[in-house]
Amino acid sequence: MIKYIGSKRRLVPVLARICQVSGAHTALDLFTGTTRVAQTFKAQGVHVTAVDSARYAHTFARAYIETDAAATDAGALQAAVTHLNAIPGKPGYVTETFSHEARFFQPHNAARIDAVRDVIDSEYAGSPLFPLLLTSLIEAADRVDSTTGVQMAYVKQWAPRSAKPLELRVPELLNGPGRAIQGDAVALTSASGAGLGHFDLAYLDPPYNQHRYFTNYHVWETLVAWDAPEAYGVARKRLDARDPSTHSVFNSKKTMPAALASVVQSVDCDLLVLSYNNESWLGLEELEAMCSIQASSSGGSGGSGGSGAQRAVATLSFDSARYVGARIGIFDPSGRKVGRVSHLSNQELVVIAGDPALVRRVVEAVGASPTVGATGVTGVTGPASDGAAAAVAAGLVDRLQQAT
């Protein structure tokens, strides 16, 4: 997996358990990103539809979700990776833009990225191996970059890993079919959209703030598009990053609430699971109220307004370390540490909505059961079968009044 902000690595055991207990046979991962959660669902034998607007995310989804390992020629894939690893470097766009004009990659690796990417296009375009090899290249480049995990900047001194040679690896594919869709979540679930269909489980991990994935991972966007775009700024971002068409409604405090409400209430599913963060634009009560309403018509035709079916809602809460910059501290241009970091952790929220009996069964299965006080649910008790369940039991903020 590539380094990625908003990664749900710590939540994967809990999300896997939720999927298992729900009995889902079909699942939707609507903001799939690196496909980490989608892969977790697929590994349980669930047919997953992975959706994202980013080119690189769609490439990952084609490799890890849409591709069936059992139907893939493993020998041909290994031979292709071996072939690409033997290709000598040939400086091109990546070398000039991301090594000379910026410092994302050391020159020897940038030249290899240029050469390998050209060969993937010239020898494998149109082949089932294409998204697999492109995924392998992106992951290899991520292992030798010189960033803290986002591509809005690079570190002042070369990261030690950047000196290592670029090496592609065979992606660890999963058995079974799946579906990869590149598109906008609001458009795909809106009344005027084609609709995604019905799912037993829908997982949503929408952007939480103004920081755009299009610019945070613009290098991967360019590696997939391979269009040598005009670049600007210290980070040499794609010029089309300034185009309104590359901006998401989820990155604006003004437009995000309505967009999220539209998606949450229109997605056609039995169980809705939504990841969020307590430092984001919506408060917990707003989020739960939003998730409690399901559009009266299924198949994405109900819209976000009007009266619909009521869902029971419960929220799980987990302590999570903040981004690396918070741990490093705040420094002025001269390198002197200034100011104070207010806190080093926040709360990752997992909102679960659906039929009351199903919601209760899922919440109890992750290792905690509600304790009912005079004013309602006030805490949790119960056994913890593993580390993930213990984390749930320690951090659960339960809202099962509607589910009892």
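**Helix contacts, cavities and loop residues**

Helices α4 and α6 are oblique to each other, because their axes cross at roughly 140° and angles count as roughly antiparallel only when over 145 degrees. The model described here is predicted.

**Helices α4 and α6**

- Helix α4 spans residues 74-85 and helix α6 spans residues 107-124, and their axes come within 10 Å.
- The crossing of α4 past α6 is right-handed.
- On the α4 side, the contact is made by Ala 80, His 83, Leu 84 and Asn 85.
- On the α6 side, Arg 112, Val 116, Val 119, Ile 120, Glu 123 and Tyr 124 take part.
- Sorted by class, the residues of this contact are six nonpolar, two polar and two charged.

**Helices α3 and α10**

- The axes of α3 (residues 55-66) and α10 (residues 218-225) come within 8 Å and cross at roughly 65°.
- Helix α3 contributes Arg 55, Tyr 56 and Thr 59 to the contact.
- Helix α10 contributes Trp 220, Glu 221, Val 224 and Ala 225.
- Four of the residues in the contact of α3 with α10 are nonpolar, one is polar and two are charged.

**Cavities**

- Two cavities of 30 Å³ or more are found in a search of the whole structure.
- The second largest cavity holds about 40 Å³ of space.
- Its lining consists of Met 1, Ile 2, Thr 34, Phe 60, Tyr 64 and Glu 139.
- That cavity lining has four nonpolar residues, one polar residue and one charged residue.

**Second largest pocket**

- The second largest pocket contains about 170 Å³ of space.
- The residues that line this pocket are Met 1, Gln 39, Tyr 64, Glu 139, Arg 143, Arg 169, Val 170, Pro 171 and Glu 172.
- Of the pocket-lining residues, four are nonpolar, one is polar and four are charged.
- Met 1, Tyr 64 and Glu 139 line both the second largest cavity and the second largest pocket.

**Loop residues with positive phi**

- Trp 226 is not a glycine, yet has a positive phi of about 50°.
- Trp 226 sits in the loop between α10 and β5 (231-232).
- Arg 236, also not a glycine, has a positive phi of about 55°.
- The loop that holds Arg 236 runs between β5 and β6 (237-238).

Terms used
Residues numbered from 1 in each chain as written. Predicted model: local features only at pLDDT ≥ 70, side-chain atom pairs only at ≥ 80, totals over all residues. Heavy atoms only, no water. Axes fitted to C-alpha atoms, helices over the stretch in contact; angles between N-to-C directions. Helix = DSSP H or I, 4+ residues; strand = E, 2+ residues; numbered from the N terminus. Contact = heavy atoms within 4.5 Å. Nonpolar A, V, L, I, M, F, W, Y, C, P; charged D, E, K, R; others polar. 1 Å grid on protein atoms, 1.4 Å probe; cavity = no way out; pocket = protein on both sides within 12 Å on 5 of 7 lines; lining within 4 Å. Points joined across faces, edges and corners; volume = space filled by probe spheres on them. Parallel < 35°, antiparallel > 145°, perpendicular 65-115°, else oblique. Left-handed = near helix turned anticlockwise from the far one by under 90°.
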